[in-house]
Amino acid sequence: MTKKTIISSAIFALLNFNIFATNSADAAVWQVISSESNKRIELDKSTLNKNDGYIETLGRVVFYKPLKDVKSGEEYRMIEAVTRYNCEKRTASTIKRIYRRNENSVLREEILNAAELPVRGGTLDDKMLSQVCRMADISNNNPSPITAPTAVVNQNKATQTDNQSNAGKNNKNLVENSQNTKKSKKELARETKETKETKDNKETKEKNLAKQNKTQKQTQIAKNNKQNANANASKNNKNTASAKNKNNKFDENLPLLPTVDVIKNTNSNSPFVPKQVDWSYNGASNPAHWADIKPEYKICRNGLRQSPIDIRGSVKGDLEELKFNYQSTPFKIVDTGYTIRAELENGGNLYYEGKSWNLKALEFRIPGEEMINGKRGEMSVQLQHQSITGEMLIISIQLNKGAENMLIQQIWNNMPLERNRAMKSVDEPIKKEINVKHLLPTNIGYITYMGSLTTPPCTENVQWVVLRTPQTISDEQIKSFSFLYQNNARPLQSDNGRMIKESR
């Protein structure tokens, strides 16, 4: 399909959907696809429209509590979206988004140019795609396609066509019945015998397969037991970890991050972003084994200035003031495979220690990676800066459960459908803006030390500035992030006697 055809199809879809999208309460047939504690997701069965291999339909998210729209400042209860699906390619793209105060009141509308992206299995989008494709299969057996604006008009024609079709089917059935009666008893007996032999062969094959699977399972269990015994013996021979690391164990039962496939982050040249994610926070490639994955990851184990640390015993003094010159900027959101990352087009800068540090991006961790006197936040956000000479500085802000954070909600609203994909194309920021100064607390007291990146290759000589005053994040926002990542915080590292300074 050419780009021109796709654009034409999208325009045609918008013209059709404008008929019902602005007044969906009148004729909508909403079917619940998923229901959660704070919202439900529904699909309007009456809006299924097939066009040039694609299926357009209307879905919506209904929130049980109103949310504040960052753009208008008003509250909304629903978001409707016109989406184009391709059942064969398993892709989806959003054409239009409608914010509603209620069933009968539209707050605002957005015409989108969203890229056609693959739908990841097991997600909510996968449920929507499956339901839409099932509905499309059903409609293929009907005399006319299900198209909301024309369904009622074509009903009489469909009924007439059904009557003619049924008359033809009855005549055909009479001929087939007559032919069937002409079969000889010998042919029927032969067919019965062949059917019985086929059934017996199938049963024998299934028994043999079950026996083979049982043997393979027993062999695998024995192999796993042997591997576990060797691993436990090796673990017992290792030196015990320092007391500071005892409270920072990772959960082996959490799902692997990332998934089995290696995720290549080839679209970013930032030193903060790993070139590929061939490691995880749990399982066989957990932080204890990062140094074993690649030679360039050796510093993750051998480095003397690794992060994060439990900040204790700081030296207090009259430190230089942090001068923030952040500004509103377009942005793009990427699910990197290990966190949600907001990349900024021109977020402004920080002036500190005689240098200008340009704000490049934000990344989120759960739980908070940094500890202050043994305490950590529910989450943390890391503001990544880089000087003109390539030096790196990270400002870390702890996030504690409390009021909703409007800036974080704006980021959550624009999460992409797929990991390692931007909300927009890689080179095109979202046509909205955020200003990271709204994340900063009123009191800018801070702690600083020299550390490292907290993901492979664990590069050192990174200056950390940890703000003492936390910010808030709502329980709902924490749950939204933990739906993707339950634990993406590196375990605490030894401070190795490093100098830690704190402002008075």
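Predicted model: local features only at pLDDT ≥ 70, side-chain atom pairs only at ≥ 80, totals over all residues.
View 1. Rings of Phe, Tyr and Trp (its six-membered ring) pair if their centres lie within 6.5 Å; planes under 30 degrees apart are stacked, over 60 edge-to-face, and the rest tilted. Trp279 and Tyr281 belong to one aromatic cluster with Trp290 and Tyr338.

**View 2. Phenylalanine 364 and tryptophan 412.** The ring centres are 5.0 Å apart and the planes stand at 70°, so this pair is edge-to-face. Because phenylalanine 364 lies in strand 16 (residues 355-365) and tryptophan 412 in helix 7 (residues 406-413), the pair ties together parts 48 residues apart in sequence. Helices (H or I, at least four residues) and strands (E, at least two) are DSSP runs, numbered from the N terminus. Both phenylalanine 364 and tryptophan 412 are buried.

**View 3. Arginines over aromatic rings.** The charged end of arginine 60 sits over the ring of tryptophan 30, 4.0 Å from the ring centre (NZ of Lys or CZ of Arg within 6 Å of the ring centre and within 35 degrees of the ring normal). Arginine 108 lies over the face of tyrosine 99, 4.2 Å from the ring centre.

**Notes to all views.** Residues are numbered from 1 along each chain as its sequence is written, and side-chain values use heavy atoms, leaving out hydrogens and water. Local features need pLDDT of at least 70 and side-chain atom pairs count only at pLDDT 80 or more, while totals for chains, interfaces and linings use all residues.

Terms used: Buried < 20%, exposed > 50% of the residue type's maximum accessible area, 1.4 Å probe, protein only.
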